[in-house]
Amino acid sequence: QVQLVESGGGLAQPGGSLRLSCVASENFFSDSDMGWYRQSPGKERELVASITNGDWANYADSVKGRFTISRDNAKNTVYLQMNSLKPEDTAVYYCNARLVVVETVMWDYWGQGTQVTVSS
């Protein structure tokens, strides 16, 4: 069974940093476009950052210049380095692995989520 396991969440102070990791259990990782999403209470899940299987990265405007997404295909792992954290970054962060070929979703997997809380 495919699994995506996130880690690295926790409590950080405003201005602080955290690094999230997401490890995939099976060897589909290198073909996948990977993304980090977040959801806070009462809000819809939103895309934070994504990175294609060709290493093209994309960011939400709210995190540009503060967050960096990267991937290590040898370790089946995607990372989200979060710097200059703000209280509004507080949310559950989810890892996503997806492959779309000619508008057909080949796979779309989600992790269980990891809580990030930014508070003094």
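Guide: Let's start with a term: a salt bridge here is a side-chain nitrogen of Lys or Arg within 4 Å of a carboxyl oxygen of Asp or Glu. One caution too: this is a predicted model, where local features need pLDDT of at least 70 and side-chain atom pairs count only at pLDDT 80 or more, while totals for chains, interfaces and linings use all residues. Residues are numbered from 1 along each chain as its sequence is written, and side-chain values use heavy atoms, leaving out hydrogens and water.

Visitor: Okay, how many salt bridges does a search of the whole structure find?

Guide: Five. Some of them join up: Arg38, Glu46, Arg66 and Asp89 are linked in a network of salt bridges.

Visitor: What's the N to O distance between Glu46 and Arg38?

Guide: It's 2.7 Å for that salt bridge. Arg38 also has a salt bridge with Asp89, where the closest N and O atoms are 3.0 Å apart. Arg38 lies in strand β4 and Asp89 in the loop between β8 and β9, so this pair ties together parts that are 51 residues apart in sequence. Strands are DSSP runs (E, at least two residues), numbered from the N terminus.

Visitor: Are Arg38 and Asp89 buried or exposed?

Guide: Both are buried. Buried means under 20% relative accessible area, exposed means over 50%, and partly exposed is in between (1.4 Å probe, protein chains only). Arg38 is at 7%, while Glu46 is partly exposed at 36%.

Visitor: Which side chain does Arg98 meet in a salt bridge?

Guide: That's Asp108, at 3.3 Å from N to O. Arg98 sits in strand β9 and Asp108 in strand β10, ten residues apart. Arg98 is partly exposed, with a relative accessible area of 25%, and Asp108 also counts as partly exposed, at 36%.

Visitor: Switching topic: how many disulfides does a search of the whole structure find?

Guide: One, with a disulfide being a pair of cysteine sulfur atoms within 2.5 Å. Cys22 and Cys95 form it, and their sulfur atoms are 2.1 Å apart. The pair links distant parts of the chain, with Cys22 in strand β3 and Cys95 in strand β9, 73 residues apart. Both cysteines are buried.

Visitor: And what's the torsion about the S-S bond?

Guide: About -80 degrees, so the disulfide is left-handed.

Visitor: What's in the loop between β7 and β8?

Guide: Ala74 is found there, and it's exposed, with a relative accessible area of 78%. In that hairpin, which has four residues between the strands, Asn76 takes a positive phi near 55 degrees.

Visitor: Last one: what does Ser40 touch?

Guide: Leaving out residues up to four places away in sequence, Ser40 touches Thr90 and Ala91, where contact means heavy atoms within 4.5 Å. Ser40 is placed in the loop between β4 and β5, and at 19% relative accessibility it counts as buried.

How values were computed:
Two strands pair if DSSP finds at least two bridges between them.
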